[in-house]
Protein chains: 2
Amino acid sequence: MTISLRQLRALTAAVETGSFGRAAARLHLSQPALTVQIRSLEQRLGLTLFDRSARGARPTEAGRNLAQSFGRVLEEVDQLVAGAREQAARRSGTVHLAVLPSVASTLLPAALTRLRQAHPAIRVLLRDAVARHVADQVKAGEVELGIGILQGADAELEAESLFEDKLVAVLPPGHRFGALRRLSPEALAREPLILTDPGSSVRALAERAFAEAGLVLRPAYEATYMSTAVALVRAGLGIGVLPATALDLRLTPLLDTKPIDAAAMRRRILLLRRRGASLSPAAEALAEAIHVAVGGGAHIR
Amino acid sequence: MTISLRQLRALTAAVETGSFGRAAARLHLSQPALTVQIRSLEQRLGLTLFDRSARGARPTEAGRNLAQSFGRVLEEVDQLVAGAREQAARRSGTVHLAVLPSVASTLLPAALTRLRQAHPAIRVLLRDAVARHVADQVKAGEVELGIGILQGADAELEAESLFEDKLVAVLPPGHRFGALRRLSPEALAREPLILTDPGSSVRALAERAFAEAGLVLRPAYEATYMSTAVALVRAGLGIGVLPATALDLRLTPLLDTKPIDAAAMRRRILLLRRRGASLSPAAEALAEAIHVAVGGGAHIR
DNA sequence: AGATGGTCATAACCGGACCCTATGACTGCC
DNA sequence: GGCAGTCATAGGGTCCGGTTATGACCATCT
């Protein structure tokens with residue numbers, strides 16, 4: 001005893017075309033099928049919607065009114081469905097993405113331009129956050145995707161490896177270490193060092209690596225922002241210990257970077273998603289673009 | 001490949017209850033039926049709407065959004081359907097009615113109070129008009145029902161007899177005809193007469209009746225409104241020839257009315273509707289009320 | 001008048017959508 | 001390690017909805 005969309009379509013088509021036959025044609029139906037739908041609708045509403053005669057069907061006042069109202073409803077439905085299909089076809093949609101600041105300034109632009117080329121109408125809402133917050137936002141469902149790191153497995157998260165980020169020593173111009181090919185933690189420990197804040201994942205990583213070498217990390221300078229740390233290095237205040245990804249490519253040529261001789265000085269940058277949560281088509285497109293950007297040429301050095 | 005209302009209901013119920021099982025219960029369905037509907041909707045949209053796991057189904061972002069939008073649409077549909085059913089049940093609705101002024105002031109109030117008792121929420125939009133316009137408005141579909149007269153059959157109209165309206169002579173108080181039981185046209189023709197305008201059906205009727213008696217109607221006074229004519233009679237200016245229905249019951253006791261001795265001095269008041277046009281439930285209710293008002297006691301004298 | 005063309009309604013048949021019951025697979029919990 | 005809860009799957013029956021063919025009716029033209 002309930003109404004169906006087909007019946008609403010039949011009604012509006014019949015009122016608009018003024019004839020059951022033409023309405024049937026418009027809906028790609030046979031005329032009897034249309035007739036039956038209309039009659040069924042009339043029964044379910046208890047209203048006569050058309051006055052039939054041998055020379056056609058005239059809509060009743062009620063029929064006209066309902067056709068108009070239902071017409072608006074149908075338009076709305078069709079619009080919603082079309083919107084959903086656009087999302088499915090990646091022709092629209094938005095992704096929420098949390099990302100480490102270091103990655104945001106290096107890998108991400110390449111990925112986003114690639115995404116824009118393939119799917120111009122997909123919107124990306126960026127949130128840069130430190131590693132812990134990236135993971136938390138993914139777990140809470142505030143973002144669909146995260147780019148960050150993971151210490152130990154997390155049952156709620158699913159991770160795909162993107163690339164490996166190494167900590168490197170950043171030398172001020174003309175530093176006496178300039179001749180060396182690689183630096184040992186011991187050598188570094190005797191120099192004034194420039195690092196990021198204790199809260200950052202980079203800092204935690206560096207401390208752990210030094211600890212493995214039996215050393216205590218005692219930086220001469222700490223900065224919250226990577227760009228500040230780099231500025232301190234350029235000013236010749238010390239040697240920076242910073243992630244390779246974070247170094248802006250335009251600045252690096254002016255500075256000298258050296259690998260550090262410690263296995264623990266590296267971290268795996270991961271693409272994070274909540275376990276069991278499917279990705280929206282837009283998010284899948286973004287994930288693809290990120291993978292391509294990482295795998296194909298536009299990598300970090 | 002199109003969407004159905006059942007699927008929309010399934011979606012909104014599932015999102016709102018947060019569980020396929022509870023949604024199924026709300027819709028009086030089995031859980032598998034609900035599951036199938038959701039999956040079918042997902043296929044047709046090409047979107048994943050829920051993330052299933054063994055401990056429940058979580059709506060996707062897209063699922064939540066669509067559920068909300070479709071929820072609004074469903075409410076609208078349900079409201080429209082409810083409105084239609086109310087009309088069908090005569091619990092609402094409006095009728096357009098054209099009616100002769102004479103009838104409007106006598107029969108109609110009784111019919112309308114009766115209608116209001118039975119179906120309080122039905123609105124009646126009144127148009128009083130002279131006989132010709134009553135018929136025209138019915139034919140044009142501007143009104144659903146008309147109360148009027150018909151000279152000769154009209155193929156486009158369907159008529160039901162309501163009652164017979166007679167022209168009567170209305171005497172001023174103390175007139176010398178007061179002693180007679182009935183008046184002849186010949187007697188009347190010698191008196192100063194008061195009638196309505198030449199355009200009115202009452203006037204046409206009176207002229208025809210006099211013509212049948214071989215007389216020419218030459219009124220001493222003409223008025224457009226019945227009430228004016230009555231006032232002239234009360235002022236003692238002449239004898240009124242007016243329809244019995246039109247005489248306001250409160251005024252009649254003060255005046256003396258006599259039947260006129262001519263068969264042609266009567267007209268049949270009809271309930272008119274367009275041939276082949278069904279009546280709305282509200283109009284049917286009004287028609288019933290009119291018939292009852294005519295048939296039962298509240299008749300004209 | 002009779003034929004004709006147009007309208008909607010009806011009938012008979014057929015396929016698929018839909019629903020139900022029963023059961024399975026999986027997880028989280030006591 | 002059962003147990004309770006979730007959703008998915010399978011099988012079977014019903015009914016909705018569609019098609020074609022035909023009928024009834026009216027208007028119009030010849």
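A phosphate oxygen of DNA strand D is 2.9 Å from an N or O atom in the side chain of A:Q37, a polar contact in the sense of a pair of N or O atoms within 3.5 Å. The elements that supply two or more residues to the surface near DNA strand D are α3 (31-45) of chain A and, from chain B, α2 (20-26), α3 (31-45) and β2 (56-59), helices being DSSP runs of H or I with at least four residues and strands runs of E with at least two, numbered from the N terminus.

This is a predicted model, in which local features need pLDDT of at least 70 and side-chain atom pairs pLDDT 80 or more, whereas totals for chains, interfaces and linings use all residues. Residues are numbered from 1 along each chain as its sequence is written, chains are lettered from A and ligands numbered from 1 in the order in which they are written, and side-chain values use heavy atoms, without hydrogens and water.

Around DNA strand D there are 21 residues, A:S30 and B:R39 being among the closest, where a residue is near if one of its heavy atoms lies within 4 Å.

A polar side-chain atom of A:Q31 lies 3.1 Å from a base nitrogen of DNA strand C, while one of B:R6 lies 2.8 Å from a phosphate oxygen of DNA strand C.

Key
Polar contact = N/O pair within 3.5 Å; in protein donor to acceptor, adjacent residues only side chain to side chain.
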